[in-house]
Amino acid sequence: MSPGAASASSAGRTVLVVGAGPAGLAAAKAARERGASVILLDSADATGGQYWRHLPAARPSANERALHHGWSTYTALHAELDRDPGCEIVLGAQVWAIEQFGAAPGATPDAAPGADGERTDAAAAAAPAPVAVHVLVGLPDGTARRGRTFRPDALVLATGAHDRTLPFPGWDLPGVFTAGAAQAFAKGERVALGERVVIAGAGPFLLPVAASVAATGAKVLGVYEASRAAALVRGWLPKPWQLVGAAKKGGELAGYVGSHLRHRIPYVTGRAVVAAHGTDRVEAVTIAEVDADWRSIPGTERRVVADAVCVSHGFTPRLELPIAAGCELTPERFVRIDEGQATSVPGVYAAGEITGIGGVDAALAEGEIAGHVAAGGSTRDADLAAAIGARRTFTGFAARIEAAHGIRPGWTSWLEDDTIVCRCEEVPYGRLRETREATCASGLRSMKLTTRAGLGICQGRVCGRTVEELIGAGGAPGALTVDGSPSTSATTDRRPIASPLRIGELAGRAPGDPGGPVDPHTITHRPSEKGHP
Amino acid sequence: MAARMMPSRHDPIRRRDETAIGISVDGEPIAGVEGQSIAGVVLARGRLAWRTTSAEGRPRGLFCGIGVCFDCIVTVNGERDVRACQRRASDGDVVETQHDELPEAAR
């Protein structure tokens, strides 16, 4: 296909990108370069996502780049999109539902992603994404948010991931935070969450968090990585030649190591925070040695005085929007994508951490590919070669991180019967265990309804996967069953209302009906409809 | 002392021109700067907890810091259930902490 023909068929296409982190920004830029109109949504009031979380414009500084990696990549992406009249950036935009309305006319099997991942311009143009995206725009959790509904030709989902923190006794005390909170408040607020800070959990993310916390002037007492050195070697050492292309990543990690040396931060493997102590706030933690399965080893406990504990054991991809759009998941519970980042739903693409926890470089490459193909391009186009190569370079990272740092089942040895598992509904581990034993209820749904675990205001985002594992519904990820029926979507990741909203907001606008007076090929903005039939 | 904001004069990124604002939390005036989240203003004063849980009456404050966990919700100018880590503080904001009692039947 000639480039001329390609851009002709891209003209007039509209690509909606959800999430303005690295993947979403790269997708928006690539889609614009293909000539599509772009709308870029983010629920925050700034672009950058969690990776490039930064101080607001009201708090200027001379050298903010010192807090970030790849800051010039971010500022260039943002500036280009911000001044581009063909890209509308909508901030404070919370997607609360994605509605499917069946296969669009012309969405023949030929238009679906081919075996080689090729999607022709003609096929893509003939099959607008069969979804409506419902959004509330305004102040976070405000009552005066404005509703908008989009029916784009293509949708790129780049919703990212959030920390997963496993429960341990005392994790509900004030002063225990996720590592992401420490990072967000160091970069986005210049707030140190404590004076004497313990950082623990698993994964390479703990290193930049420690560096950020140290750069707020707090004393980082140590970084405690649950995985043992053997696992780290298993994950990171095989096929080291694959890492050569990822030298930039090596440089980033080397930077953190340098920061750790400067701040004299110990990095200890095979250790976990197994309890936090205090009455109304954390005053100390117990750090124990753990075995290869993360089971705490009796007799190794050591009490450390600390006023802040920042703990993350990995990341949970934000899957509610891909699930709402009808996208298939992999057995590992990421969005299934093809070579062109296309999901199983025609016209819907996914990029970044929702396809695998691969880090910023993978996200940038995936975003570029997704945006390019969503705008009608092909994975064979020459201008995509660099991104395809970069994706190949960084694609092994997710597997390496999982092999080295993946959650091991022995963590449940940290739990006491009164350890809160569901923070919202204050459900202790003992109640989950007793209910499971007394009722033989192994179905996730019935366990949730009986114990209320996972039914709180966070919609199971914090405890959902933990509850699944504790009641045995998890098992092999691919074999997840809910009330007896195998399912990859009827899990705690499934949230038909993708974000909590007020009854008044729901009553004020019924979900737009597909047969309504909306041209499916144009973006529609429907400000605060009242009395929708 | 626990949580605190790095003073701008010590900050290696050289912050400048921050604008002072004031909010109140349960009637107590708290000073902050424009652009801070409500959680940021409160944490910068060393206060770690502000919500009280329904079932156990336990203190909660910031946990995830990125809008996921809803532990930090407060009432802002009469609007309930606002995530303090997501809402920027505006000069004059009246913030009330939340303690939602369980319905009688649920106790």
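Two strands pair if DSSP finds at least two bridges between them. Now pick A:Ala192, which stands opposite B:Arg4 in S1(B).

Before moving on, note that this is a predicted model, in which local features need pLDDT of at least 70, side-chain atom pairs count only at pLDDT 80 or more, and totals for chains, interfaces and linings use all residues. Residues are numbered from 1 along each chain as its sequence is written, while chains are lettered from A and ligands numbered from 1 in the order in which they are written.

**Where the chains meet**

Show both chains together. The contact takes 48 residues from chain B and 47 from chain A, where contact means C-beta atoms, placed from the backbone, within 7 Å. On the chain B side, S1 (4-5), H1 (38-44), S5 (59-61) and S7 each supply at least two residues. S7(B) gives the largest share, 4 residues.

**The sheet of chain B**

Next, display chain B as a cartoon. Five strands form an open, mixed sheet in the order S3-S2-S8-S6-S7. S3 (28-33) and S7 (79-83) stand at the edges with a single partner strand each, so one side of each has no neighbour in the sheet.

Zoom in on S2 (residues 20-25), which pairs with S3(B) in the antiparallel sense over 6 bridges. B:Ile23 has B:Ile30 as its bridge partner in S3(B). In the loop between S2 and S3 of chain B sits B:Asp26. B:Asp26 has a positive phi of about 50° although it is not a glycine. With 11 C-beta neighbours inside 10 Å, B:Asp26 counts as exposed (12 or fewer other C-beta atoms within 10 Å is exposed, 20 or more is buried, and in between is partly exposed).

**Back to chain A**

Select A:Arg190, in the loop between H5 (179-188) and S10 of chain A. Here too phi is positive, about 60°, in a residue that is not a glycine. Is A:Arg190 buried or exposed? A:Arg190 is buried, with 27 other C-beta atoms within 10 Å.

Finish with H2 (residues 22-33) and H11 (residues 360-374) of chain A, whose axes come within 7 Å and cross at roughly 35°. Those axes are lines fitted to C-alpha atoms over the stretch in contact, with angles from 0 to 180 degrees between N-to-C directions. Among the contacting residues are A:Leu25 of H2(A) and A:Leu364 of H11(A).

Definitions and conventions:
Contact = placed C-beta atoms within 7 Å.
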